[in-house]
Amino acid sequence: MSLENKENESLKIIGRAFSTFTSGLATTFTGGKDSLVVLHLVKRFCDGIVPIPVINIDTFIKFPEIYTFRDFIAREWKLDLRIASDREAASRISIAADKGECCKLLKIDVLIRVIKDNNLQASMTGVRKEEQETRATESHFSKKDNPPHTRVNPVLNFTEDDIWEYIDIYALPYCTLYNE
């Protein structure tokens with residue numbers, strides 16, 4: 001499938017998300033390339049704005065360049081950026097000791113809280129099938145149970161090369177760490 005076809009598929013998925021989840025829809029933004037492309041696709045679909053909350057999970061272990069880029073995009077694109085974290089959990093665990101526990105406490109549990117606190121029915125992500133084995137079984141609209149919500153994956157069929165080609169075509173800024 002060509003990149004143009006993948007873009008059109010993504011825009012249709014975003015349109016379906018907006019029409020299905022008339023309230024309680026958000027998108028996530030990590031500061032990375034995949035979620036950047038999702039944000040840009042939402043912006044294109046919505047005539048230059050991102051009219052929904054943009055959720056960023058702050059694990060406190062990101063490089064400073066990621067925070068700088070996240071904040072730059074939030075200002076430039078006038079995002080309703082909502083930063084969520086659990087500083088207390090971060091202070092009581094050894095980050096590198098147990099990746100699973102770290103991910104659960106600093107990402108998953110925080111995201112569950114954000115979904116509940118904001119009454120989110122769905123969140124758009126930058127998940128791509130080729131990233132990891134477990135994501136290969138994802139669908140564009142993946143229902144999740146805890147808490148009940150739908151994960152919308154507009155760039156699910158993009159490859160990493162597609163992501164970089166998209167960024168190049170639209171001359172999108174991206175975090176400088178990718179160049180290092």
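Modeller: What follows starts with the helix and then turns to the loops and the cysteines. The model is predicted. Helix H1 covers residues 3-20, 18 residues in total. At 1.5 Å a residue H1 should span 26 Å, and its end C-alpha atoms lie 25 Å apart, which agrees. The buried residues of H1 are Leu3, Lys6, Glu7, Ser10, Leu11, Ile13, Ile14, Gly15, Ala17 and Phe18. In an α-helix there are 3.6 residues a turn, so residues three or four places apart point the same way. The partners of the buried H1 residues include both helices and strands: they pack against helices H2 (33-45) and H6 (160-169), and against strands S1 (25-28), S4 (122-124), S5 (141-144) and S6 (149-152).

Most residues other than glycine have a negative phi, and most peptide bonds are trans. Aspartate 47, in the loop between H2 and strand S2 (53-57), has a positive phi near 55°, and its relative accessible area of 75% makes it exposed. Alanine 171, in the segment after H6, has a positive phi of about 50° and is exposed at 62%.

As for the cysteines, cysteine 46 is buried at 14% relative accessible area, and cysteine 175 is buried at 3%. The structure holds 0 disulfides.

Note on methods. Residues are numbered from 1 along each chain as its sequence is written. This is a predicted model: local features need pLDDT of at least 70, side-chain atom pairs count only at pLDDT 80 or more; totals for chains, interfaces and linings use all residues. Side-chain values use heavy atoms; hydrogens and water are left out. A disulfide is a pair of cysteine sulfur atoms within 2.5 Å. Buried means under 20% relative accessible area, exposed over 50%, partly exposed in between (1.4 Å probe, protein chains only). Helices (H or I, at least four residues) and strands (E, at least two) are DSSP runs, numbered from the N terminus. The expected span of a helix is 1.5 Å times one less than its number of residues. Contact means heavy atoms within 4.5 Å.
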